Amino acid sequence: MNKLREISTTILFTFFECRLKFIFYYLNISRDIPYSPNILLGQIQHKIRNRLIDNNDFDNNWCEIETELMNNYIKRGLPEKNFFPLNKFIPNYYVEKEKLRFILSENKKSFKSTESIQTYFEIKLKSKIFNVVGIPDLIIEKKSGTTIIDFKKKIPSEIRYLKKYNLQLHIYAYLYSEINKKWPQNLILVDNKNRRIPIKLEKLKVIRYLTYFKNQFIPISEKIKNFGKDTKNLPKKLQLELASPDVEICRRCIYRSICFPYRDNILAFVGENKRETFDQVGILEKIFCAQDGTISLVFTQNNFNFSIRGIRKFSYNIDLEKHVRKKFYIYNIRKTKIQRQYIASFYTVILLAT
Ligand code: SF4
């Protein structure tokens with residue numbers, strides 16, 4: 001187990017959702033990442049919250065983090081002009097910034113304590129037993145006990161997220177206990193609106209989860225050890241064995257377009273639930289070229305037509321003309337949809353059925 005890649009809490013949660021999704025994630029298989037300026041704003045807010053508990057310099061920190069993110073973008077060859085400066089792309093940029101400034105000053109007041117405290121920001125905790133790592137946002141150690149805090153942009157009421165955040169904090173608690181030989185006293189989620197949600201610590205449950213994961217992961221890692229990052233190497237038979245397609249989980253899965261079990265079930269997903277996944281499957285009927293160099297594809301699915309507009313040359317690599325009357329799978333990983341008019345985005349994947 002030690003020679004294997006470390007498992008983060010996010011990857012671990014994926015394991016409990018779907019083992020195939022976990023493997024895609026674990027093998028670091030490239031996928032279409034739907035980045036947006038709002039995701040970047042979330043990253044700034046997250047980083048700044050961790051930095052500023054004992055630091056007053058809000059504006060300089062904000063500016064430094066935004067520049068850091070932009071430089072990372074440029075290094076990775078991403079189109080920074082589509083995202084930066086963020087205030088141009090995010091309508092409520094200044095409102096969000098001021099809101100966070102206010103919340104942080106409130107937070108500071110409430111963290112004041114008569115006891116002496118020790119705080120740790122984003123330190124990496126690692127389990128020697130389970131090969132799992134976690135980086136809690138904030139650990140506050142007092143004589144009376146330890147509190148682990150995780151900041152979230154918002155805490156949705158959906159049970160899936162609560163489960164995920166709950167498990168995440170429990171893993172942090174376990175990692176803390178393995179290293180410090182004592183369990184934390186409090187686990188707390190804090191959101192952008194300064195809502196604090198205490199999580200009840202269930203020690204036995206988290207140990208059971210980790211043991212189950214370890215027992216399952218060892219045989220799975222044997223099966224996948226010869227597969228690289230190329231998904232074509234991950235045979236359909238193995239995918240079927242590992243996958244557990246479920247509408248709730250698949251509809252948010254960024255690996256849909258490389259997942260055979262999902263593809264096999266796509267009609268079940270795009271039928272009743274098409275508003276959920278925004279994916280489609282259809283027979284290509286016509287191709288139109290627009291003056292701006294993009295093309296539109298018209299498909300039929302059962303008894304209705306739908307079209308996808310604005311497809312650019314680089315988003316497909318086959319001669320579409322040759323495939324009229326053939327079946328295609330259309331994945332809208334970015335989930336943008338307007339009625340029956342689908343607008344191609346960078347991340348829409350169109351695959352010929354084989
Ligand atoms: S699309 Fe569904 S079945 Fe396929 S990997 Fe994702 S969650 Fe698993």
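Visitor: Which residue in S12 is the bridge partner of Gly282?
Guide: This is a predicted model, in which local features need pLDDT of at least 70, side-chain atom pairs count only at pLDDT 80 or more, and totals for chains, interfaces and linings use all residues. Residues are numbered from 1 along each chain as its sequence is written. Strand S9 (residues 280-289) and S12 pair in the antiparallel sense over four bridges; strands are DSSP runs (E, at least two residues; helices are H or I, at least four) numbered from the N terminus, and pairing takes at least two DSSP bridges. In S12, Gly282 has as its partner Phe328.

Visitor: Why is strand S12 largely enclosed by the rest of the structure?
Guide: Buried means 20 or more other C-beta atoms within 10 Å of a residue's own, exposed means 12 or fewer, and partly exposed is in between, with C-beta atoms placed from the backbone. S12 covers residues 327-332, and it is largely enclosed because the number of its six residues that are buried is five.

Visitor: Which strands are the edges of the five-strand open sheet?
Guide: The order is S2-S5-S6-S7-S8, with mixed pairing. Inside that sheet, S6 (residues 145-151) and S7 (residues 186-190) run parallel, joined by five bridges. Pairing on one side only marks the edges, strand S2 (118-121) and strand S8 (196-199).

Visitor: How many charged residues are in the shell around the ligand?
Guide: The ligand is surrounded by 13 residues, the closest being Cys18, Cys250, Cys253, Cys259 and Tyr262. Near means a C-beta atom, placed from the backbone, within 6 Å. Eleven of the shell residues are nonpolar (Ala, Val, Leu, Ile, Met, Phe, Trp, Tyr, Cys or Pro). None is polar, and the charged ones (Asp, Glu, Lys or Arg) number two.
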